[in-house]
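Hello,

Here is the structure we talked about. Please look it over, then read the notes below.

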Amino acid sequence: MVEFDAIGVQSPNIAAAILKSGVLVNVDRAQIDGDEGWALLDVANADTEKFIAALTGKGVSIRIQKDAVTHNRTKCVDCGLCISICQKKVFSFDENWQLVVNSERCVLCGRCAMYCPHRALSIEK
Ligand code: SF4
Ligand code: SF4
């Protein structure tokens, strides 16, 4: 997750970091306006440090998004609705039909938390 302040939004920081590092990234989500903004980038684990070093600069703050999804095992009834809803394949069943959460792929859209009938999911803001 890259956040830009009023200075950070004035420069093509992501493009410059890609050119400087040679690391290819996928922009999963972004929202930028005149004063501030953020971008959620998908970067291969092996390239993360290299890319962060190239991106670090004025007006930019970076945090690694790993555990965005909180799954309340006590409330969950393993209905599987979230598996159908999530386009990033964060959810799956294990061999015992118990829900498994791989939250590294989450893009923070919030749909699963909104539709879970048992309020068993919450997403980091
Ligand atoms: S939708 Fe909610 S109750 Fe159903 S499997 Fe997902 S987390 Fe569990
Ligand atoms: S917030 Fe969106 S991307 Fe993340 S787990 Fe829920 S449905 Fe999937």
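Which residues does glutamine 98 touch, not counting residues up to four places away in sequence? They are Asp78 and Phe93, where contact means C-beta atoms, placed from the backbone, within 7 Å.

First, the ground rules. This is a predicted model: local features need pLDDT of at least 70, side-chain atom pairs count only at pLDDT 80 or more, and totals for chains, interfaces and linings use all residues. Residues are numbered from 1 along each chain as its sequence is written, while chains are lettered from A and ligands numbered from 1 in the order in which they are written.

Back to glutamine 98. It is exposed, because 11 other C-beta atoms lie within 10 Å (exposed means 12 or fewer, buried 20 or more, partly exposed in between; C-beta atoms are placed from the backbone). The C-alpha atoms of glutamine 98 and glycine 80 are 9.0 Å apart. Those two residues are 18 residues apart along the chain.

Now the core. The largest nonpolar core has eleven residues, including Val69, Cys82, Phe91 and Leu121 (a core is a set of buried Ala, Val, Leu, Ile, Met, Phe, Trp, Tyr and Cys residues joined through C-beta atoms within 7 Å). Another core lies apart from it, with nine residues, among them Val23 and Leu41. Cysteine 82 contacts Phe91, Cys112, Cys116 and Leu121, leaving aside neighbours within four places in sequence.

Last, the ligands. The residues around ligand 1 include Cys76, Cys79, Cys82 and His118 (C-beta atom, placed from the backbone, within 6 Å of the molecule). Around ligand 2 there are 13 residues. Cys86, Val90, Cys106, Cys109 and Cys112 are the closest.

Best wishes

Technical notes
Contact = placed C-beta atoms within 7 Å.
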